[in-house]
Amino acid sequence: MTGQPPFRSPEWLRRDAIGALRFHRERSMDTHFGGYITQVSDRDGAIYDSRTKHLVPTARFVFAFSIGALLDGPVWCEPAAEHGLSYLRNVAYDEEHGGYSWLFEGRNVTDETRSTYGHAFVLLAYATATRAGIGDVEDDIRETFDILDERFWEEEHGAFASNRTAEWDPAEPDYRGQNANMHSCEALLAAYEATGEERYLSRAVTVAETIARDKPDEADGLLCEHFTSDWEIDWEYNRDQKADLFRPWGYQPGHMLEWAKLLVRLHHHHDGNWYLDRAKRFFDASVTDGWDDERGGFYYTIDRDGAPIVDAKYTWALEEGLGAAARLGAVTNDDRYWEWFDRIHAYLHENATNHSLGIRYERLTPDGEIHPTIDETPKVKSGYHHVNACYEVLESLDAV
């Protein structure tokens with residue numbers, strides 16, 4: 001690692017996180033419509049859409065700036081987070097029907113879908129702001145949990161259903177997905193850490209048992225992405241759209257790494273004898289079959305035999321790899337995880353970092369070059385995975 005930054009240094013990690021937040025504060029704070037501008041180029045920082053607003057990146061920015069405050073970052077972190085909290089409360093929340101709408105043009109709703117995934121990130125935003133002492137939003141944590149509990153939770157299956165309409169009818173009656181449940185588990189853990197209320201931890205445990213333990217045990221022992229309305233594994237879902245950005249066919253190493261990280265956190269909060277074994281299994285599968293040994297980086301998806309399906313490289317998976325490696329390295333004292341941490345970070349630093357702006361390139365080609373559609377897919381940017389990875393590692397190092 002000669003000539004590379006000290007990736008495990010708490011000081012370096014703090015500077016890295018705050019640098020990303022500074023970039024977004026300078027470009028993404030929307031003082032006209034409120035909320036944040038999330039269509040900002042990874043190449044040069046140019047704004048290519050200043051009007052379209054999305055629920056998830058709005059919540060992610062609240063989370064990220066709250067993390068900045070937790071890291072004792074600049075004084076602007078707190079008002080930057082409050083800026084997004086105001087948009088969530090006063091624009092995104094639907095006073096008539098309850099719940100949060102999905103998409104906006106300025107301050108006008110253009111898609112009223114009630115997304116499980118979106119509400120999970122709203123809960124994460126409120127919980128993290130509460131931990132940082134920002135905004136007096138503990139009541140919003142409870143209200144958002146109640147929405148998830150009353151509108152999306154399927155008690156008989158131990159997991160959350162998929163999207164609803166504004167009138168709370170099923171928008172996807174035949175589909176269930178692990179991704180929304182994973183982020184719900186993340187948000188529930190954050191709510192528990194912010195408030196100490198056991199019901200949030202209990203629900204996080206149930207989701208983890210269903211999605212990360214029971215459903216994999218019905219298959220190959222790995223993380224299945226798509227299910228029918230009866231929560232049967234749907235092996236055919238999106239087989240003809242293998243590169244779908246949010247619901248691809250196959251296993252996703254990035255999601256297994258996210259779950260590995262979450263399972264270690266659950267291990268610290270709850271007495272379950274399966275958490276670490278499953279976290280190790282997911283991590284090992286991701287680095288054994290999901291890592292491109294020749295060119296570096298994680299494949300987007302792999303098949304049931306461990307062969308790559310889509311070999312484009314998404315930076316978020318690398319960031320999740322950092323968090324998973326650090327969490328497992330800290331809890332096991334096994335240097336192998338820290339060696340993977342260094343390897344992943346070296347690839348990020350060399351291939352996926354815009355050093356002039358202090359941010360990541362969100363997507364790379366299989367060969368590790370900037371993807372030609374970098375400002376088209378994904379369209380929205382918030383620095384969520386980047387800042388979160390820094391914080392996860394700092395927590396693992398007992399440096400926060």
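On a 1 Å grid over the protein atoms alone, a cavity is a set of points where a 1.4 Å probe fits but cannot get out, and its lining residues have an atom within 4 Å of a point. Grid points are joined across faces, edges and corners, and a volume is the space filled by probe spheres set on the points.

The model before us is predicted: local features need pLDDT of at least 70, side-chain atom pairs count only at pLDDT 80 or more, and totals for chains, interfaces and linings use all residues. Residues are numbered from 1 along each chain as its sequence is written, and side-chain values use heavy atoms, with hydrogens and water left out.

By this rule, there are two cavities of 30 Å³ or more. The largest cavity holds about 140 Å³ of space. It is lined by 15 residues, of which Phe63, Arg131, Glu193, Arg265 and Tyr391 are the closest to its centre. Helix 2 (55-70), helix 4 (116-131), helix 6 (178-195) and helix 12 (384-396) each give two or more residues to this lining; helices here are DSSP runs of H or I, at least four residues, numbered from the N terminus. Helix 12 contributes the most, with four residues.

What is the make-up of the lining of the largest cavity in nonpolar, polar and charged residues? There are six nonpolar, two polar and seven charged. Here Ala, Val, Leu, Ile, Met, Phe, Trp, Tyr, Cys and Pro count as nonpolar, Asp, Glu, Lys and Arg as charged, and the others, Gly among them, as polar.

The second largest cavity has a volume of about 30 Å³. Its lining has seven nonpolar residues, one polar and no charged.

Technical notes: 1 Å grid on protein atoms, 1.4 Å probe; cavity = no way out; pocket = protein on both sides within 12 Å on 5 of 7 lines; lining within 4 Å.
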